[in-house]
Amino acid sequence: MKTVASQVSKQFNALSERAQKHLKSLGHPQSVVIQVGSATCENAAGSREVRSEFQKHIAASGRDDIILRQTGCTGRCSREPIVSVFKPGQVPIKYELVNRELVHEIFTQHVLAGEPLLDKVLDGPMTHMYRYELLYCASERCGWNETKSCGDALREKIAAKGLGKETLRVDQASCFGACGVEQIGKCSHILVRPDKVLYRIRSEADIDTIIDEHILGGQIVDKLVVPGKTVGRKFMELYGDVSFFNRQSRVAMRHNGVIDPTSMEEYFRYRGFHALATVLEKGDPNWVIEQITEAKLRGRGGGGFSTGAKWTMGANSAKGVRYLVCNADEGDPGAFMDRSMLESDPLNVVEGMIIGAYAIGATQGYVYIRAEYPLAIERIKHAIQLCREWGLLGKDILGSGFDFELDIRLGAGAFVCGEETALIHSIEGERGQPRFRPPYPTESGIWGRPTVINNVETFANITAILNYGADWFGQIGTEVSGGTKVFALAGKVLHTGLVEVPMGTTLHDVVMEIGGGAAGKKKLKAIQTGGSAGGFIPAKWLDTKIDFDTLNKAGSIMGSGGMIVLDEDDCMVDIAKFFLVFSQEESCGKCTPCREGTTRMLEILNKITEGRGTEEDIERLERLAKLAQKASLCGLGKTAPNPVLSTLEHFREEFIAHVIEKRCPAKKCTALIHYVIDEEKCIGCTACARNCPVNCIAGQRKQLHVIDQEHCIKCGRCFEVCRFEAVIKE
Amino acid sequence: MVEADSRAVLGEDIAEFIDECRKDEHPRGLLIAVLHKVQAKFGFLDGPHLDAVAQLLRVPAADVSGVASFYHYFRLKPRGKYMIHICMGTACFVKGADLVAAKLKDELGITFGETSPDGMFSLEGTRCIGTCGLAPVMMIDENVHAEVTPDKIPVILEEYLQKARAEKE
């Protein structure tokens, strides 16, 4: 045993040295680093052009101490392309919405002349450059002995000392995971950036000490630094600059937008394969499963099943060939965190898989990934190739005697393949149709052998748990569910993008605080979670804490983390119909309740949105939905009625308005609206008449125009082109 | 003899790939991978392609066509020069993807699953392509067009037509 451990550590150290040597050869420490995002979304926003523009500028400047690097995506979609500039001795600056012109300004003013463009920074404008940034923990489970909140005390003291904006900035973070069980509720934490020091404070006097000695004196207060090395301190030392921007707690996505996703050397710099080396040195698969169980990690694909329990079943299954699968068939409309993780940090997912394979005793793994994600496929392929070259995949990994091979299997556009038994059929080269469970895949999966299937995000968390401690991970989140969850915030929200927050964070914090609320000053109506299998949470329930169980109680599900914000302009009947169209198309057709149920429900919804519905239709719809929920074979059919049932529960009045008053309250359903021209506002510019595709608008120049309701096809063109708001939707 | 015909239909590159697949413990598991390769080469899966794959991979022809027709990603009809995928995911839908799709159908005179008469564009509605932050989006081949509106459609299509004309000259 001992010889295996020393062999593993010897080989791992050799790889670390190789990585370090390479990184040193890249440039001297005084270099300026410009980092440009590179992922599907970044590229769509124009980051390729930004990159080549920087290349030209660097070449033209003739400087060899300016380095251009690529990274994945930070998940701030609506702000992309994002560019970071790291100058020695300066707080790192991130710029948003960078284009060709801005590249020129950034390069000449910031990179060359040292003057950051404060009005162009991410989440800016910034009014001042500051020396320090203090983040205090505002987590649900954080507390201390003083009566005032930590944040209030901190702000008061800073004001009392007369410290200006040039010196520091204060913000809150959602959770550092720095409390052990015995400290919960007895202390709080403050992170000082850019020094990346994490302090534990128990009283107001501690805050005084930090301000006097660290902020004013420039000395780290050793006695207040979080003690020990296990409770996440190492995590803060490595990621203190990035993990808490925008009030998030980044664990699964800690490398996203930080490292170069194509570089093994960079991954090593961020403790890459450290977790694997630890595991192989210990040489005990059970230890891994114990850690994962203690961390209270639950499957991030949506089911919320305990990962520790699943791995235990895998480890206890029949001896012989076992398989491990990473489910990257991210098909939920509105979810894109898996794509982002695969594109921005593929090596982390691969390392998580190798560890998982060791824990359950699998020798062959598959990444089942959608064909619609070309860049993610390219990056994960590259990552696997790198691991083979570095001896981290294949025979006798790191000299431990453990063999593991990893291959890619492409999906082909069938949503149902996200269901595990359908996914297994697809890997076997069959039609992706589900089958009855039990037997569960952990007993009989691919080619009848035990198979463990986990989601991308689940694997992305494994290395964090092993590197920074199961207790640390378990402290982030709720009593029953450890860690964070990544949400894909999209729809009618101001800041779209990926948001990673501790389990138990409220919807309000995610949508209003981080997402900035509904866009365009509209009223927030509901939040859809869990994709086509999920439901709607009305705006009045924004205080709901996000967790597997609480969302179920609210009539929705966590799902893979899609979160779509709907505003007053969205018709709930129409949205319910949208999800049903999706489920109906994706139903594989194997079982009747799902195949026929979704079709008939869709027919009823069509009838309602076209103004032909009756009250009985609502009842019929509800009965049918409950039946499909009960009788369908797999998750797809069982959950397909959820959007319908949850809209019926929370927004029944909208259904009633459609069938009884024949009115669409959100003015979305074409059959139930008509366009008229306001006599007061129409100035007779003829724009509507000229644009009408069926010539049904009459009126002379400078005179009132009138729409012929009989011939109007309700295309809405007149509504769009009128510049005087004279066309009204009724 | 039959095998030689099948090799000729698919071309030697794919035939060799299938040879490699047959060395695997479970060649059948690579059927979808083979079909991806065939589609990448020919743009779609034609009847003779499917028969040749069945022959070379030693999988019943009925199974091959069953798999090819089950998955949305596989096309059984020829495609246009450019492939337009308009995302019909939730985020795109609430931001007006239906209006963009209607405009596309209108401009091209075709509906989903069809190819324009000039053979330039094929149109597909697709599941979420994971760029929800930039909704509504459409993909033409592998280029993602962000925040498209019905007004932008004619301009974007013209870009590709010009590109095609430039290639011809």
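This is a predicted model: local features need pLDDT of at least 70, side-chain atom pairs count only at pLDDT 80 or more; totals for chains, interfaces and linings use all residues.
Author: Residues are numbered from 1 along each chain as its sequence is written, chains are lettered from A and ligands numbered from 1 in the order in which they are written, and side-chain values use heavy atoms, with hydrogens and water left out.

Reader: Why is Gln70(A) called buried?

Author: Buried means under 20% relative accessible area, exposed means over 50%, and partly exposed lies in between (1.4 Å probe, protein chains only). Gln70(A) has a relative accessible area of 16%, so it is buried. This residue is found in strand β2 (residues 66–71) of chain A; strands (E, at least two residues) and helices (H or I, at least four) are DSSP runs, numbered from the N terminus.

Reader: What makes the pairing of Gln70(A) and Thr262(A) a polar contact?

Author: A polar contact is a pair of N or O atoms within 3.5 Å; within protein, one must be able to donate a hydrogen and the other to accept it, and residues adjacent in sequence count only if both atoms are side-chain atoms. The side chains of Gln70(A) and Thr262(A) are joined at 3.2 Å, and the side chain of Gln70(A) also makes a polar contact of 3.4 Å with that of Asp260(A).

Reader: How do you know that Arg28(B) and Glu430(A) form a salt bridge?

Author: The term requires a side-chain nitrogen of Lys or Arg within 4 Å of a carboxyl oxygen of Asp or Glu. For Arg28(B) and Glu430(A), the closest N and O atoms are 3.4 Å apart, and the pair is a salt bridge. The pair crosses between chains, from the loop between α2 (12–22) and α3 (31–42) of chain B to the loop between α15 (420–427) and β12 (451–455) of chain A. Arg28(B), at 17% relative accessibility, therefore counts as buried, whereas Glu430(A), at 31%, is partly exposed.

Reader: What makes Asp284(A), Glu290(A), Glu294(A) and Asp471(A) a negative surface patch?

Author: A patch is made of residues with over 30% relative accessible area and no salt bridge, with like charges joined within 9 Å and nonpolar side chains (Val, Leu, Ile, Met, Phe, Trp, Tyr) within 5 Å. Asp and Glu count as negative, Lys and Arg as positive. Asp284(A), one of the members, has a relative accessible area of 33% and is therefore partly exposed.

Reader: Why is Arg723(A) called exposed?

Author: Its relative accessibility is 70%, so Arg723(A) counts as exposed. Arg723(A) gathers with Arg690(A), Arg701(A) and Lys702(A) in a patch of positive charge on the surface, and its place is in the loop between α27 (717–721) and β21 (727–729) of chain A.

Technical notes
Accessible areas come from the Shrake-Rupley method with a 1.4 Å probe; for residues, only the protein chains shown count as cover. The place of a charge is taken as NZ of Lys, CZ of Arg, CG of Asp or CD of Glu.
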